[in-house]
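The entries follow the display.

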Amino acid sequence: MTHTLLAAEGALPAAGVAQSAWLLLALPLFGAAVLLLGGKATNKWGHLLGCATVILAFVYGLTLFLSTTSLKAADRIQELHLFSWIPVDSLSIDFGLRLDPLSLTFVLLITGVGSLIHVYSIGYMSHDTDRRKFFAYLNLFVAAMLLLVLGNGFVTLYFGWEGVGLASYLLIAFWQHKPAAATAAKKAFLMNRVGDVGLAVAIFLMWANLGTTQYTEVFAKIGTLDGGTVLAISLLLLLGACGKSGQFPLQAWLPDAMEGPTPVSALIHAATMVTAGVYLIARSNPIYDLTADGRLVVTIIGTVTLLIGCVIGCAYDDIKKVLAYSTVSQIGYMILGVGLGPVGYALGITHLLTHGFFKAGLFLGAGSVMHGMNDEVDMRQYGGLAKKMPITFATFGLGYLALIGFPFLSGFYSKDAIIEAAFGQEGWRGWVFGGAAMLGVALTAFYMTRLMLMTFFGEQRWKNLKSSDGRDYHPHESPAVMTVPMIILAVGSVFAGFLLTNGNFLANWLEPSLGELKEAGHPPLPAAAMTALSLGLMVVGVGLAWLFVGRKPVPVTKPERVSWVVRAARADLYGNKLNETLFAKPGEALTKGLVIADDKAVDGTVTGIAGALAFLSSRLRRTQTGFVRSYALTMLGGSVLVVAALLMVRFS
Amino acid sequence: MLEAFEAAAPSSGLDPYVPLVALFVLAAAFAVFSVAAAPLVGPRRYNKAKLDAYECGIEPSPQPIVGGGRMPVAYYLTAMLFILFDIEMVFLYPFAVTSDQLGFFGVVEIVLFIATVGFAYAYVWRRGGLDWN
Amino acid sequence: MQEQFLAQAQQQVNAPDIAYGAIAPVLIVLGFACLSVLVEAFVAKERRWGLQIGVAAAAIVLAGASLAAFISSNDAAGGPTGKTGVTTLAGAVSVDKPALFLWGTLLALGVLALLLIADRTVGGDMQTEVFPLFLFALGGMMVFCAANNLLTMFIALEVLSLPLYLMCGLARKRRLISQEAAVKYFLLGAFASAFFLYGLALLYGYAGSVKLADIATAAVGTDRSDTLLFGGLGLLVVGLLFKGSVGPFHTWTPDVYQGAPTSVTAFMAACTKVAAFGGILRVLTVAFQSTQWEWRGVLWGVAIASMAIGAIFGLTQTDVKRMIAYSSVAHAGFLLVGAIAMNTDGLSSTLFYLLAYGFTTIASFGVISLVRSGSGEATDLSQWAGLAKRSPLLAGVFTFLLLALAGIPLTSGFIGKFVVFSAALRDGMAPLVVIALVFSAVAAFFYLRVVVLMYFSEPAEDGPTVSVPGAFTTVAITLGTFVTLLLGVLPGFVLNWASSGGFLS
């Protein structure tokens, strides 16, 4: 029975190497269990075990990937049944793994980037007494994330979804003695719950209407539902995606989550977990294919988020927060991509992969800078670090170029494809979405250049400063255990885009999971013109940043037509001030406006409800007088109500 | 019995609960009548005992001097035990009347019942519940 | 009429058939309870404690063994799925699949509760009378779950209630609050029993019988007064809801949970809830299924009220035991959601939920009994601040249990909520499920508040100590936690058992 169903959907029982796919979950889980239960006894070698399990999982994942590529395209979706998880009457949920191109792609990303970051953490956390625990949590995260992408049904996905939420919570609060970290962890947890409710209700709806939550069966039967239900399911899934992926209106937790150790920011809050929302929508592509309205909402959310992320990113001085908002904005691009439907699923995933490389690299670079700068995150304290940290500078620089879409680096291929696809939408949508995505290119170039300039170039401002704990700064290059992962990621940032998009390699590979990558409609401009336009905007962004932040030497190409802006910028006296009033202030104001809107409207609603409930509760608890007579009166009142209601229902 | 009661009710559509209402009314009327009639027709010879709230032997005020102004708890305990065995007797009478019809099964049941009360009795007795002092 | 009565009386009364094998577990528990009273009477004081533990343990073990024997013979007797069960004692007691499941649950939870009660190392120290009372209460609960007519049910209700009232007042250290709790529970319990009895009387007036099946028959197509039926149902249900501490009939719960000795609270919280909801399920399913469209809306309202009261009041409690009490009110609401989903899934999911909730609750109270300050248990939440620093293992276990109560995946609480809500959804109660989800989110907040307090607050200067648990308490907490985890990961076996059959009327 199950077999025929699977076959109908093109999923085969796993065979060969794939039969051991449970190893992918078991290895990191084993690591986490040993490290958590072993206690201090494992302090000495715990970090090595943590790395080993993930690297082994990566090696296995690679083997599995290679063995799958040798199959025919039609045979590439396999299912591995593990056991019956919740069997009760008509409700039967099997615990199984779905091994298809999409999930395998994620397996490689998670274990690959995960391995690099595990190795990096050996160096980064070397001074921390709780390093063992850190690795245990990281392993736990990897296991949960793999479960999320490998599960063969929505309930399994939900299980992994909550697991990564837990790991993320534990890791953000890893330095729980810092109040900010504890608060950030709570905030992340709470805002994620909002999204989780959406996902849970979506699963309930599927169950109620289709009687199943396994992917194969849901996707086979989803066409039988009426449009309203499909729309509801798609919007609820989107709500879940927004929570996990830091999308508008649930984006506020992600920058705060940077209070966690930097490897965590790189692995969880840049490369993998936050992309779970993109995965969810891509995985649910048969559902989104059916509802144009649902897709439209997805694209709107993606567009709004990518702009918000860019604009706010311009105003922060905290290096990790700038990168965090950059992540928010880049995920906005991915959501926009997958929201476009069949023309965009594969593009979103491509950008997700390239972003995984360069953003992880950027975060590790930021971590390396902080490692050398007494954990300082304020870029205003940096400056001129390029000479002190050559390797960090080089790898970070490559990641930066990839992110802003410098020609022939990763981001250039993946982001431009999304922009082109967005322009290809019908009517006003093409102009709005494409235009917004295009504007985002300029803003991205601006804030990232600003970050580069403030960190690696210019005056060595830290020379005359002390860090908050009173030490002098002695910036130095990080040890090899940290720089090697950065170098590998930098190589990925350079070549991944080309390799993945060359001859539509990734799109073809993902076809069994996501369907054929359709050509975008009829873009209003030729592709070459759009590429030129986006490159031009990128140059404008870089130039503006140079103008406002680079300060000296200002490239004075046309001094005779000098505007008051440039004149002021030349005058060192109020250059900074101008910088602020002309760009930073409006930017800040806008940012503040957005932050206020975010805090008041979004957070306000959340905390407002909590506050109202607490107030209600503190009022109501006075009814617990402790007097039997009032208790009895309550009961009597309740009974009268119950009886009266029963009789009313009967006789009305 | 209920069937008999229903059968007895007039079938003219009169609610079968009308007699019940009538009973309530009669009971209430009787109570009111008794209370109202007593001071009218009765002799008025008051003494101390007459004015007590309850004629059960306890002076509500002043409180007894021993035991901090309260009755010894053993008093209530004994009263409770009395009620317990009183109830046992209430069961024994109907059993005795119908023991013929109940047969051997009834004997077994009543022995079990007595034994159960006996356990409680043993407990009270051994733990000093019956020691007045 | 008198002639009629006499004519009846002259007939020979035939003894009803008794399926001793089926009711053996109950007979064993109650028989050992009597034995336990005799031990109180005739054994010297210093030897009583140990002997009483032995008697109570023997009762539960033997009852469990006879239950297992009956289940296996019952399964062997029927077809592939086994017989549905037997009705015995002239139809007064129905030993069917749900009853067997509930008996198993009660006995298993009884073992854990007994372990907590029996542990004197951490200030349990009650009078030895607690053991016979415990056995009587347990026996009453077992009868209550299987009672097939309202009168048997009422007797069982009293047999389970009266010992509980007394057990609440047995604390030696915190005497006043304990006795106050006992009196309150007794007074309100008597009040609720009166409701039950009035309801019973009205239903007898309606159907002319106290048998559940006869009430069901009478409710289908007669022209009798529906006022009696629904008035009776309302009052009866109030009496039952009181025992299950469903809001707004929950008012006794926080005071009694707080005042009673913790091990007794554990027993009461877990087992009474099982018995009460066992009774509610049976009454609603067997007697009132045909009128469900009239009463279901009202019980919707009660379920919502209970969830709201539990979740909202729980937010600002400062005492751990009171907090768990309000949590139990909220859980009662969730259980009611399952109980009024009148389908087989509703039954099996509620049974599963009861089992899962019982184990988690007993383990939680076991943990609470370990956190002590000089004057006794430190139940004030402020004293729990930073507990994780001082004893990480205890805090970890308690965190896990709280997460189970909140319904986080990997715990039995999640599976329980999941199956209950999906049963309710299947029965077309989507709005109720949404409301339940909202309130479970609100309730999750106060569990997490304790977790945050334990992990992220600085410990108080004069904070409580965590006593080293005795072997009994350790075993109880370990078992409870293990089952909570096990049912969260592999619920299949228990779910299968819970859904093996319906009520037999």
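I began with the interface: the contact takes 54 residues from chain C and 39 residues from chain A, where two residues are in contact if their C-beta atoms, placed from the backbone, lie within 7 Å. I then listed the elements that give two or more residues to the side of chain C that touches chain A; among them are α7 (175-207), α9, α10 and α12 (292-315) of chain C. I noted that α9(C) gives the most to this side, with 10 residues. Helices (H or I, at least four residues) and strands (E, at least two) are DSSP runs, numbered from the N terminus. I divided this side of chain C into 35 nonpolar, 13 polar and six charged residues; Ala, Val, Leu, Ile, Met, Phe, Trp, Tyr, Cys and Pro count as nonpolar, Asp, Glu, Lys and Arg as charged, and the others, Gly among them, as polar.

I record that this is a predicted model, in which local features need pLDDT of at least 70, side-chain atom pairs count only at pLDDT 80 or more, and totals for chains, interfaces and linings use all residues. Residues are numbered from 1 along each chain as its sequence is written, and chains are lettered from A and ligands numbered from 1 in the order in which they are written.

I turned next to the backbone. Most residues other than glycine have a negative phi, and most peptide bonds are trans. I found a cis peptide bond between C:G247 and C:P248, with omega about 0 degrees; C:P248 lies in the loop between α9 (226-243) and α10 (252-259) of chain C. C:S245 is in the loop between α9 and α10 of chain C, and its phi is positive, near 45 degrees. C:S245 is buried, with 27 other C-beta atoms within 10 Å (the cut-off is 20 or more for buried, 12 or fewer for exposed, and partly exposed in between).
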